[in-house]
Amino acid sequence: MTMSKIPDEKLKNYQKVFENASNFYDAPPVIRDFWMRMAKEKVPHLFSQNLSWYGFHHAPFSTDTENADIVIYGIGYDHNSSQEMGDTRHAPMYLRFASKYVPPVHGEWEMAPFEMCNIIDRGDIDKFSMDYNQSLDWDIKHAMKWSKHGALPLRIGGDHEILGGTMVTANMLADKFFPEQAMGVILFDGHTDCFLPNDVGGYIDTEWVNGGGIPRAIYKGWVDPEKVFQFGMRGFGIDSPSGQYAAEQLGITIVRPLDLEEKGYHYFVDMIRERIGTSPALITVDLDCLDPSEGGGTTQRDGFGLTFREVRAISRAMKGLNLIAADVCEYAPSHDSHGRSTAFNIAALLFEYLCMLVDTKVRLNNGKFNQTHWDLNLATSASFPGEIFLDRWNKDNVAV
Ligand SMILES: [Mn+2]
């Protein structure tokens, strides 16, 4: 053995850590409880990406929306991205896979969402029909049914037609949990999407045109434009057909990528937190908000956009506030050509939205935790994390 070059006192401490500490056992309490429960219930290795019967973020597939706190599902809308169509219909499948690369705990926030809420993957809603309105009705019908008992939705597109169903469902939940307050919205997009009936004659009989959920919800009195923030506006997105002038007249806060870069995200995070306050709110992410250098896996690529880091930093404004629904749309797997880098960033972002929805739902449940349970009949894996600590965990818990 070579001589130690570290002072004795310090070395003894380092050796003590090496011999006794555990990254499972010494995790923050809710995370450790989660790992130990996974071991006790013999839920197979939640780090695995290879078990197809796990849903989004390793959530169990389930039809039990009545007892769910959070419901995650895909809708592969592929109707009307305006430039490069891509293959948004396949996005839920690819993102479900990418989401399994994200660990099921949030160390930075000290959260174990599956220990705090009953989270299910309800599977996908088929877009059903070639008829636009019929597909919307099909989506909205399912979305409302699945959230009828209060489950907060995390919806994965598909194209931005998804926003109609998100808006209707969020409004239903807002009525249930926050009956006095209008909703706020954070939109990440290349375009304000404030399409008006006068601008889009072809869709005049369609209530929820692609992405046009915001002006419609303002028109109905569900959303307060003073609590609406739009990030990433540029290029085609600030031409009048995409809604800039309507958004300005409505009093929506429009933020161009350079504004964000110059003022810094703290400036806008503070503004969002002040204006949204205790109101219920939703986040909708149209991935064409992104700069093409962020992987390119979207439909309408337009230079000088946002980074994933900016989208995440702004999204975190909602942490601890009342986020009640979120969607992500316009992911085009066929354009995501660099080792699926767009998909992995989306997956990491989705997990943050999941955690923020859990945060809201725990408050709505008066602080009570509802654990997620997996159907163990499906389990075939031999490895479960933390198993060697079960004895210690059981002893410690008896002692307490
Ligand atoms: Mn859009």
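Modeller: Axes here are lines fitted to C-alpha atoms, for helices over the stretch in contact, and angles run from 0 to 180 degrees between N-to-C directions. This is a predicted model, in which local features need pLDDT of at least 70 and side-chain atom pairs 80 or more, while totals for chains, interfaces and linings use all residues. Residues are numbered from 1 along each chain as its sequence is written.

Biologist: Thanks! At what angle do helix H11 and helix H12 pack?

Modeller: Helices (H or I, at least four residues) and strands (E, at least two) are DSSP runs numbered from the N terminus. H11 covers residues 308–315 and H12 covers residues 341–364, with axes 11 Å apart. Because angles under 35 degrees count as roughly parallel, over 145 as roughly antiparallel, 65 to 115 as roughly perpendicular and the rest as oblique, H11 and H12 are roughly parallel. Their angle is about 5°.

Biologist: Which residues in H12 do the residues of H11 meet?

Modeller: Contact is when C-beta atoms, placed from the backbone, lie within 7 Å. From H11 come Phe308, Val311, Arg312 and Ser315. In H12 they meet Asn345, Leu349 and Glu352.

Biologist: How many of the 24 residues of H12 are buried?

Modeller: Buried means 20 or more other C-beta atoms within 10 Å of a residue's own, exposed means 12 or fewer, and partly exposed is in between, with C-beta atoms placed from the backbone. H12 is largely enclosed by the rest of the structure, because its buried residues number 18.

Biologist: How far apart are the end C-alpha atoms of H12?

Modeller: The expected span is 1.5 Å times one less than the number of residues. With 24 residues, H12 should span 34 Å, and the model agrees with this. The end C-alpha atoms of H12 are apart by 35 Å.

Biologist: Is Arg273 partly exposed or buried?

Modeller: Arg273 is found in helix H10, residues 265–276. Not counting residues up to four places away in sequence, Arg273 touches Ala317 and Leu321. Since 14 other C-beta atoms lie within 10 Å, Arg273 is partly exposed.

Biologist: How far apart in space are Lys176 and Lys148, C-alpha to C-alpha?

Modeller: Lys176 lies in helix H6, residues 162–177. In sequence, Lys176 and Lys148 are 28 residues apart. In space, their C-alpha to C-alpha distance is 9.5 Å.

Technical notes: Contact = placed C-beta atoms within 7 Å.
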